[in-house]
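Reader: Could we go through this structure together? I would like to begin with the backbone.

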Amino acid sequence: EHARAFTNDRWEALTKHLFQMLIADHHMQEGIDWSVSASSFESLNSAESVNFSGSVNRSLATMLSLRGSGWDKVDLAPFRDPRIYAPWSATLGVRGSPVALASAEKSAQLLSNSQTPVRL
């Protein structure tokens, strides 16, 4: 039971990884740059938009979809941080359902209109 605190079956773990993927401009969980933080945005002035090395990624809008029990109690504060959005737009949409998605007890999906395209 103690090890369960470190699994991806917790909302905190799911949202932490999604948030880091968003701000670090990474489309997969593997290889996320954990050195990027919301405070990285403070070094940019409002006129600067992007560092194409992948160190800063801002969004126009973000849609977060949460499925599973307790979805309505998830801490969304990191996704509401205005520093991760363009200075003139800070929009977060949230949808949720207590019904699990397929066999996953909890699941989270993030759709973002950010400044950089997904590189395949």
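Reader: Which residue just after H1 takes a positive phi?

Author: Asp25 does, with a phi of about 55°. This is a predicted model, in which local features need pLDDT of at least 70, side-chain atom pairs count only at pLDDT 80 or more, and totals for chains, interfaces and linings use all residues. Residues are numbered from 1 along each chain as its sequence is written, and side-chain values use heavy atoms, with hydrogens and water left out.

Reader: How many residues of H1 are buried?

Author: In H1, 10 of the 13 residues are buried, where buried means under 20% relative accessible area with a 1.4 Å probe, protein chains only. Among them are Trp11, Leu14 and Leu18. Helices are DSSP runs of H or I of at least four residues and strands are runs of E of at least two, numbered from the N terminus.

Reader: What do those buried residues pack against?

Author: They pack against strand S1 (59-68), helix H2 (77-80) and strand S3 (106-114); contact means heavy atoms within 4.5 Å.

Reader: Turning to the strands, is the pairing of S1 and S3 parallel or antiparallel?

Author: S1 and S3 pair in the antiparallel sense over nine bridges; two strands pair if DSSP finds at least two bridges between them. Leu66 stands opposite Ala108 in S3.

Reader: And which residues does Ser107 touch?

Author: Leaving aside residues up to four places away in sequence, Ser107 touches Trp11, Leu14, Ser65, Leu66, Arg67 and Leu101. Ser107 lies in strand S3 and counts as buried because its relative accessibility is 9%.

Notes: Buried < 20%, exposed > 50% of the residue type's maximum accessible area, 1.4 Å probe, protein only.
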